[in-house]
Amino acid sequence: VSRLMQLIDDSKSRSARQQMPATLVSELQNEGLLQQQEPKKEVLIDIFGNTPLKIYDVNFNAINEIAKDSWMPRLHLTDEERDIVEAEGTVLVLGRSGTGKTICICSSIEFDRQSGAASDPSFTQLFVARSVRLCRYVEGAVGEDNRTSFLTYGRLLNDIESTLGQTRNFNPSQRIDFGRFKRDFHNRSSSNENISALISWTVIRTFLKGSVEAFQSPDGILPRDEFVEVERLGKNRCRIPAELREQVYDEFLQYQKYLKDLQLWDDCDRLCHLLLRINHSKKEDPDAFRQIQRSKIYVDEVQDYTQLEILLFFYLSGPNGLFLAGDPAQSVVEGTEFRFEEVRGVGHFVGSVMQKPKTVNVNFRSHSGIL
């Protein structure tokens, strides 16, 4: 493996080698025949892993703290990371695995603690992830603070329902997930020969029940004409062929009837109900709403969330209080098709003016030649 990696590095070095003598390059640039190029950023390499070296900031005032077991230095941020952390309003950060997205979240939490709490005594923060391990990692990295909560997405839903109360009972034994959808419904459906279970599930979660357009409709589902007519959703947003959309929607209606007849529910049903409860409490019970509201919410692995789930975060934080980070090339939740335009569509719905997504590119985990 080491020999092959050395070959990769040699190849990478050859591709980056100066193609013309430095003196000739300088002469051509002075005469305006060759465009001036910005100097490349230098990255120190970890001698043990051949990956970018992590650098930490330690100042003189921290010397007395070093002896404590709980002491942890701050990771030094690159210029692009600092630009992300100090950005105002709702921020979306995209990058591949290992490029420092979670580090940006940790640094943003600390930065907001210092700047937000100084101007607002009621300032509160919430970090959300689907993984318990990730929540613990971020909590350990930024330290405990009574203004900051670290919750899994499932725990967040339970807490909101406990605070606002429920008008419908969502019994866990009656929940339909992808495995149950495939086994108990799709495999017995007449359309399973042309459309896979995962495609049907993705369409239902992402568009027919999990989109902002569906939430705005009276029944909470996307009308047939808005799905079937390709130009309504756009062929780039929904990639189901036009000739199959009628069949997909017919199966969806059968699925809705299946849920009603057996008194079952899926995540979209629960979330839609919860969003309506939040809207109601905001108008009729402001005290209860303030208990679930947060000044700033940080969400990692945002590519695993549907539009409705992202809308929940906007409802809790307001239009300019989100920090979202994700890898569009990696998703672990069945039935989610992530595009930046999906997030921007939710932002537009709640009145948020979002900037273009910011990116982090230096990888601290993988070998440079492989990337």
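This is a predicted model: local features need pLDDT of at least 70, side-chain atom pairs count only at pLDDT 80 or more; totals for chains, interfaces and linings use all residues.
1. Start with the core. The largest nonpolar core holds 38 residues. Val128, Leu156, Ile160, Ile278, Leu312 and Phe313 have the most contacts inside it.

2. Now zoom in on Leu156. Leaving aside residues up to four places away in sequence, Leu156 touches Leu126, Val128, Leu151, Leu312, Phe313 and Leu316. Leu156 also turns up in point 4, as part of the contact that α6 makes with α15.

3. Next, a helix pair. Two packed helices are described by the angle between their axes and the distance between the axes. How do α13 and α15 pack? Helix α13 (residues 267–284) lies at an angle of about 20 degrees to α15, and their axes are 10 Å apart. Angles under 35 degrees count as roughly parallel, so α13 and α15 are roughly parallel to each other. The crossing of α13 past α15 is left-handed. On the α13 side, the contact is made by Cys268, Leu271, Leu275, Ile278 and Asn279. From α15 come Leu308, Glu309, Leu311, Leu312, Tyr315 and Leu316. Sorted by class, that contact has nine nonpolar residues, one polar and one charged.

4. Another partner for α15 is α6. The axes of helix α6 (residues 153–164) and α15 come within 13 Å and cross at roughly 55 degrees, which makes α6 oblique to α15. This crossing is left-handed. Tyr153, Leu156, Leu157 and Ile160 of α6 meet Glu309, Leu312, Phe313 and Leu316 of α15. By class, the contact of α6 with α15 has seven nonpolar residues, no polar ones and one charged.

5. Finally, check two backbone angles. Gln263 has a positive phi of about 55 degrees, although it is not a glycine. You'll find Gln263 in the loop between α12 (242–262) and α13. Is Gln263 buried or exposed? Gln263 is exposed, with a relative accessible area of 59%. Glu301 is also not a glycine, and its phi is positive too, near 55 degrees. Glu301 sits in the loop between β6 (296–299) and α15. Glu301 is partly exposed, at a relative accessible area of 25%.

Technical notes: Residues are numbered from 1 along each chain as its sequence is written. Side-chain values use heavy atoms; hydrogens and water are left out. A nonpolar core is a set of buried Ala, Val, Leu, Ile, Met, Phe, Trp, Tyr and Cys residues joined through side-chain atoms within 4.5 Å. Buried means under 20% relative accessible area, exposed over 50%, partly exposed in between (1.4 Å probe, protein chains only). Contact means heavy atoms within 4.5 Å. Axes are lines fitted to C-alpha atoms, for helices over the stretch in contact, and angles run from 0 to 180 degrees between N-to-C directions. Helices (H or I, at least four residues) and strands (E, at least two) are DSSP runs, numbered from the N terminus. Angles under 35 degrees count as roughly parallel, over 145 as roughly antiparallel, 65 to 115 as roughly perpendicular and the rest as oblique. A crossing is left-handed if the near helix is turned anticlockwise from the far one by less than a right angle, and right-handed if clockwise. Ala, Val, Leu, Ile, Met, Phe, Trp, Tyr, Cys and Pro count as nonpolar, Asp, Glu, Lys and Arg as charged, and the others, Gly among them, as polar.
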